[in-house]
Amino acid sequence: MSKTIVITGCSSGFGKLAAVKLAQGGNRVYATMRDIGGRNSEKAEELRSISKDQGFDIRPLELDVTSTDSVNAAAHQVDEESGSADVVINNAGQMYVGITECFDEHELARQLDINVVGVHRMNRAFLPAMRVSGTGLVINISSVAGRISIPFFGVYHASKWALEGYCQSLRYELASSGVDVVVIEPGPFSTALFGTSPAPADKDGRTSTYIPSVPQSLADMSEAFGQMFENDEVPTDPMIVVDRMVELVEMQSGTRPFRSVCGVDFDVRGMNATCEPYYDGVISAMGMEDFATLKAK
């Protein structure tokens with residue numbers, strides 16, 4: 001059955017590929033992005049051309065996850081044209097990388113605004129109609145960085161660890177409404193996320209106060225990731241994540257796992273398998289087993 005699907009961050013990467021793949025399956029896809037009439041106008045037009053030439057229903061739509069007005073306007077347009085969204089895919093994000101101390105409070109706040117508060121804006125805009133309909137799916141693109149920690153990703157880790165806790169709580173709260181919430185945890189993938197990672201402005205020069213091996217390790221790690229993306233034997237094809245999005249959309253309600261790890265996982269799959277019984281036990285100990293079961297429409 002055709003679904004109405006809203007995807008954020010469709011100017012490139014997972015979002016763009018998912019918009020095409022899901023539309024190819026007969027769904028109506030709102031491919032949202034920032035500045036659709038400006039810097040992303042060509043990218044929006046490319047999706048329109050694909051839609052027209054191949055008979056897909058892809059509808060580029062202006063949406064900036066850091067603006068409540070923009071998110072609400074997009075949700076209103078979707079509701080007016082198509083009714084309640086069946087699926088919302090919170091894909092938009094950025095990855096700040098650098099010596100953690102060197103990011104100032106404004107840069108940290110910006111990272112959290114995009115990766116966490118932006119998801120919350122989307123949910124507040126789209127969940128009311130989904131709850132009224134008694135069904136729906138929210139897919140949140142997290143990261144293995146939401147389950148582990150390594151040097152130089154402290155600001156990014158803060159956003160993804162926050163997102164994981166937020167989404168798990170939301171999943172419990174929405175279960176009685178029939179709305180499913182899941183996360184996908186990609187490892188490193190060859191998308192624009194790495195190529196556009198903001199570094200700290202470091203206006204007070206703190207990088208220079210670290211021993212040389214620290215910034216050198218950051219440079220070495222960046223080079224190692226680049227080599228990983230060039231190795232055909234390493235699973236870094238973005239379609240791996242897109243295919244998982246499609247699988248989750250097509251799964252029967254009530255059968256979807258909360259977490260899906262994709263690509264190089266740094267053994268996060270094993271961590272998730274170990275922790276899952278503990279999470280279930282906490283809910284059971286609090287007498288909230290009903291919150292763990294998705295209500296069937």
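This is a short tour of the structure, stop by stop, with something to select at each one.

**Before you start**

You're looking at a predicted model, in which local features need pLDDT of at least 70 and side-chain atom pairs count only at pLDDT 80 or more, while totals for chains, interfaces and linings use all residues. Residues are numbered from 1 along each chain as its sequence is written, and side-chain values use heavy atoms, with hydrogens and water left out.

**Stop 1: Val-65**

Select Val-65, which sits in the loop between β3 (57-62) and α3 (68-82). Helices (H or I, at least four residues) and strands (E, at least two) are DSSP runs, numbered from the N terminus.

Is Val-65 buried or exposed? With 10% relative accessibility, Val-65 counts as buried. Here, buried means under 20% relative accessible area, exposed means over 50%, and partly exposed is in between (1.4 Å probe, protein chains only).

Now show what surrounds Val-65. Leaving out residues up to four places away in sequence, Val-65 touches Thr-8, Val-71, Ala-92, Ile-114, Gly-118, Arg-121 and Met-122. A contact means heavy atoms within 4.5 Å.

**Stop 2: α3 against α4**

Next, select α3 together with helix α4 (residues 105-133). These two pack at an angle of about 25°, their axes 9 Å apart. The axes are lines fitted to C-alpha atoms, for helices over the stretch in contact, and angles run from 0 to 180 degrees between N-to-C directions.

How are α3 and α4 placed relative to each other? They are roughly parallel. Angles under 35 degrees count as roughly parallel, over 145 as roughly antiparallel, 65 to 115 as roughly perpendicular, and the rest as oblique.

The α3 and α4 crossing is right-handed. A crossing is right-handed if the near helix is turned clockwise from the far one by less than a right angle, and left-handed if anticlockwise.

To see who makes the contact, pick Thr-68, Val-71, Asn-72, Ala-74, Ala-75, Val-78 and Asp-79 on α3, then Arg-121, Met-122, Ala-125, Phe-126 and Ala-129 on α4. Sorted by type, the residues of this α3 and α4 contact are eight nonpolar, two polar and two charged. In this sorting, Ala, Val, Leu, Ile, Met, Phe, Trp, Tyr, Cys and Pro are nonpolar, Asp, Glu, Lys and Arg are charged, and the others, Gly among them, are polar.

**Stop 3: α1 against α8**

Now bring up helix α1 (residues 13-24) and α8, which pack at about 45° with their axes 9 Å apart. That makes α1 and α8 oblique to each other, and their crossing is right-handed.

On α1, highlight Phe-14, Leu-17, Ala-18, Lys-21 and Leu-22, which meet Met-239, Val-241, Val-242, Asp-243, Met-245, Val-246 and Val-249 on α8. The residues of this contact come out as 10 nonpolar, no polar and two charged.

**Stop 4: salt bridges**

Side chains of opposite charge can pair when their charged atoms come close. How many salt bridges does the structure hold? There are 15 salt bridges, each one a side-chain nitrogen of Lys or Arg within 4 Å of a carboxyl oxygen of Asp or Glu.

Start with Arg-59 and Glu-81, whose side chains meet at 3.2 Å, N to O. Arg-59 belongs to strand β3 and Glu-81 to helix α3, so this pair ties together parts 22 residues apart in sequence. Arg-59 is partly exposed at 26%, and Glu-81 is partly exposed at 38%.

Go back to Arg-121, whose side chain meets that of Asp-113 in a salt bridge (2.8 Å, N to O). Arg-121 is buried at 16%, and Asp-113 at 16% also counts as buried.

Then select Arg-256 and Asp-180, a salt bridge with its closest N and O atoms 3.2 Å apart. Arg-256 lies in the loop between α8 (239-250) and β7 (259-262) and Asp-180 in strand β6 (residues 179-186), so the pair ties together parts 76 residues apart in sequence. Arg-256 and Asp-180 are both buried.

**Stop 5: two loop residues**

Most residues other than glycine have a negative phi. Asp-35, in the loop between β2 (28-33) and α2 (41-54), has a positive phi near 50°. Asp-35 is partly exposed at 35% relative accessibility.

Last, select Asp-267, in the loop between β7 and α9 (268-285). Its phi is positive too, about 65°, and at 54% relative accessibility Asp-267 counts as exposed.
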